[in-house]
Amino acid sequence: MLLNQSESTNNAIGFKGNKSTTLTEFFHIFGATVDRWRYQEDQNEFSCGNSMPKSDFPMVGMIKHAASVYTLTLFRDFEKEFKYAMGCISTIHHMEDNFIGYKVQHESWPDHTAKHVAFDPSTNSIACYCRNFEESGWLCFHAIRVLHVHSIINIPE
Ligand SMILES: [Zn+2]
């Protein structure tokens with residue numbers, strides 16, 4: 001029996017939908033399927049002894065550094081923050097010796113409060129007022145944005 005296009009796509013992603021499945025339901029299932037594929041791909045890659053994970057971003061700068069210092073799971077989380085950072089608008093609101101004050105806000109989240117980020121170009125040190133980095137050691141996308149603007153390629157300690 002010949003399958004039509006949607007039936008064969010459904011089979012490929014293990015999708016048990018029918019004509020009454022809504023688009024939202026479809027995207028939910030499809031998203032979960034892509035995550036599963038990605039996870040499987042990562043596992044295969046790692047079992048092949050390849051220590052550098054694949055990324056949709058070019059393997060340069062902070063992404064490359066993250067890939068070399070983080071576990072695979074942490075690297076995937078870092079990629080997500082990096083993606084948010086690329087969607088941000090950053091504006092300088094204060095500047096003096098060894099201090100540049102930025103306001104960073106995601107372009108698609110107008111209700112989201114802009115965060116203040118302080119950058120010291122003499123030491124490349126960074127602080128964000130969401131205090132993620134100080135409290136959890138996890139670099140937030142606000143800070144990543146500013147580091148990226150300054151072409152910093154190493155994630156701070
Ligand atoms: Zn932050």
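Analyst: K115 touches Y102, K103, V104, C128, C130 and H142, leaving out residues up to four places away in sequence. Contact here means heavy atoms within 4.5 Å. The model is predicted, so local features need pLDDT of at least 70 and side-chain atom pairs pLDDT 80 or more, while totals for chains, interfaces and linings use all residues. Numbering starts from 1 along each chain as its sequence is written, and side-chain values use heavy atoms, without hydrogens or water.

K115 and Y102 are 13 residues apart along the chain, and their C-alpha atoms are separated by 8.1 Å. K115 belongs to strand 3. Strands are DSSP runs of E with at least two residues, helices are runs of H or I with at least four, and both are numbered from the N terminus.

Strand 3 covers residues 115–120 and runs antiparallel to strand 4, joined to it by four bridges. Two strands count as paired when DSSP finds at least two bridges between them. F119 stands opposite I126 of strand 4. The hairpin of strand 3 and strand 4 has four residues between the strands, and N124 there takes a positive phi near 60 degrees.

Strand 4 has two faces. I126 and C128 make up the covered one, S125 and A127 the uncovered one. In a regular strand, side chains alternate between the two faces of the sheet. C128 is buried, because its relative accessible area is 3%. The cut-offs are under 20% for buried, over 50% for exposed and in between for partly exposed, using a 1.4 Å probe and protein chains only.

Which residues are the protein donors of the zinc ion? They are C128 (SG), C130 (SG), C140 (SG) and H142 (ND1), lying 2.1 to 2.3 Å from the ion. Donors are N, O and S atoms within 2.8 Å of the metal, or 3.2 Å for Na, K and Ca; water is not among the atoms, so sites may look incomplete.

The spacing of the donor residues in sequence is C-x1-C-x9-C-x1-H. C130 is partly exposed, because its relative accessible area is 24%. H142 counts as buried, since its relative accessibility is 4%.

The zinc site is tetrahedral, with angles of 104 to 118 degrees among its four donor atoms. The ideal tetrahedral angle is 109.5 degrees.

What about sulfur pairs? The structure holds zero disulfides. A disulfide would be a pair of cysteine sulfur atoms within 2.5 Å.

Now the wider setting. The protein has six helices and four strands. Along the sequence they follow the pattern α-α-α-α-β-β-β-β-α-α. Of its 157 residues, 30% count as buried.

Methods: Tetrahedral: all angles 85-135°; square planar, octahedral: opposite > 155°, others 65-115°.
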